[in-house]
Amino acid sequence: MDDLKFGKRNKRGDWAPNQPAETAPLFAFPPRLMAVLKWLPHYFLPWNLIFAVSALAYWAWVIPPVETMTSLSLGWIAWLYAVNAIAVFLFYGAFELHLYVLKRQENRFKYNGKFPADQKSNAFWFERQNLDNMLRTFLSGVTIWTAVEVGMLWAHANGYAPWLRFADNPWTLALVALVVPIIHEFHFFCIHRLIHTPLLYKWVHSVHHNSVNPSPWSSLSMHPVEHLLYFGTAFYHLFLPSNPILMLYQLHYAGFGAIPGHVGFDKVEIGKEQLVDSHAYAHYLHHKYFEVNYGDALIPLDKWFGTWHDGTPEGEAQMQERYRRRKEKLAARKASLEVGGAAE
């Protein structure tokens, strides 16, 4: 597959798509009906369908009987942790094996031309990004994922969270299922802006941003505080007209859905002719520039708040202008404090 038909590569070997990153047309004004209809299949395929099916599979074959979940016990909690860990290992590991170990498509469509395993850095445990990322994923990420899952299932089983039946409330539950990605996007943007405040960035979010060149195992490589905030997206189902299956869908959208944004490749080659879009470019730009694209472009929150970067020279100019204005404000504030101190 010739990736230069879709983008360009610079002297460092970094690849960028010809088309700029775009936000979904869902919230455009004035409404763009034809654009929405053309985009609509991408709302479901392939990622959202995968996460929804995984939630159904969990409910059918993994989640214990309701009677068991009414009380907390080590047996079913350990079972859920084991299943979550195996699922993450297989799902994340499949991308890692295909793209980073076997390198079946070499660096075609890869944003950063280098591979994390080729470089050592003392920013990571044992100076190895992949090992650091994997350990953080399983020691903290899967543990907190499971803790939130267990707490929510216990709440549903004991009547502390809504449990609507599909047979009785098909349209209500269908609507909630439809907006699960929107809930995730809103939640993610809010907590992401929060952990980019100076104190939380230094002590919490910087762990994730150590992976400037993200790969699949970077997806859940976070500080435990960030893991709790991130998987807290499930807590909306304490108040929404929902049920455990939709709560699991919300969790899986967060847990498995972290992969597309961190896979490091714009497109994944399936066979010789088939390409699957990762839709990772906007989030890759966030890892590259840190203070842009706090959301995933489903809702144009970054455009509304002036932090959108689409990868074009115009987007770069807007980012630099924003940095310049902020620098001027900080300088003016510092000068004002110095004048006030001298007057005293």
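Biologist: Buried means under 20% relative accessible area, exposed means over 50%, and partly exposed is in between (1.4 Å probe, protein chains only). Which of these is tryptophan 163?

Modeller: Tryptophan 163 is partly exposed, because its relative accessible area is 22%. Keep in mind that this is a predicted model, where local features need pLDDT of at least 70 and side-chain atom pairs count only at pLDDT 80 or more, while totals for chains, interfaces and linings use all residues. Residues are numbered from 1 along each chain as its sequence is written, and side-chain values use heavy atoms, with hydrogens and water left out.

Biologist: How many aromatic pairs are there?

Modeller: The count is 26. Rings of Phe, Tyr and Trp (its six-membered ring) pair if their centres lie within 6.5 Å; planes under 30 degrees apart are stacked, over 60 edge-to-face, and the rest tilted. Tryptophan 59 and tryptophan 163 make an edge-to-face pair, with 5.8 Å between centres and 75° between planes.

Biologist: Where do those two sit in the fold?

Modeller: Tryptophan 59 is in helix α2 (residues 47-61) and tryptophan 163 is in the loop between α5 and α6, so their pair ties together parts 104 residues apart in sequence. Helices (H or I, at least four residues) and strands (E, at least two) are DSSP runs, numbered from the N terminus. Tryptophan 59 counts as partly exposed because its relative accessibility is 27%.

Biologist: Which residues do ring pairs link into a cluster?

Modeller: Among them are Trp47, Phe91, Phe138, Trp217 and Phe256.

Biologist: Switching topic, how many helices and strands are there?

Modeller: The protein chain has 13 helices and four strands. Strands β3 (residues 267-270) and β4 (residues 274-277) run antiparallel and are joined by four bridges; strands pair if DSSP finds at least two bridges between them. Isoleucine 270 has glutamine 274 as its bridge partner in β4.

Biologist: What is between β3 and β4?

Modeller: Three residues, and the two strands form a hairpin. Glycine 271, in the turn, has a positive phi of about 75°.

Biologist: Which residue other than glycine has a positive phi?

Modeller: Alanine 297 is one, with phi near 80°, and phenylalanine 290 is another at about 70°. Most residues other than glycine have a negative phi, and most peptide bonds are trans. Alanine 297 is in the loop between α11 and α12, and is buried because its relative accessible area is 10%. Phenylalanine 290 is in the loop between α11 and α12 (301-305), but counts as partly exposed because its relative accessibility is 28%.

Biologist: What does threonine 23 touch?

Modeller: Leaving out residues up to four places away in sequence, threonine 23 touches Ala297, Pro300, Lys303 and Trp308. Contact means heavy atoms within 4.5 Å. Threonine 23 is in the loop between β2 (15-17) and α1 (33-44), and it counts as buried because its relative accessibility is 17%.

Biologist: And which peptide bonds are cis?

Modeller: The bond from phenylalanine 29 to proline 30 is cis, with omega near 0°, and so is the one from leucine 45 to proline 46, with omega near -10°. Proline 30 is in the loop between β2 and α1, and proline 46 in the loop between α1 and α2.

Biologist: Last one: what share of the residues is buried?

Modeller: Buried residues make up 48% of the 344 in the protein chain.
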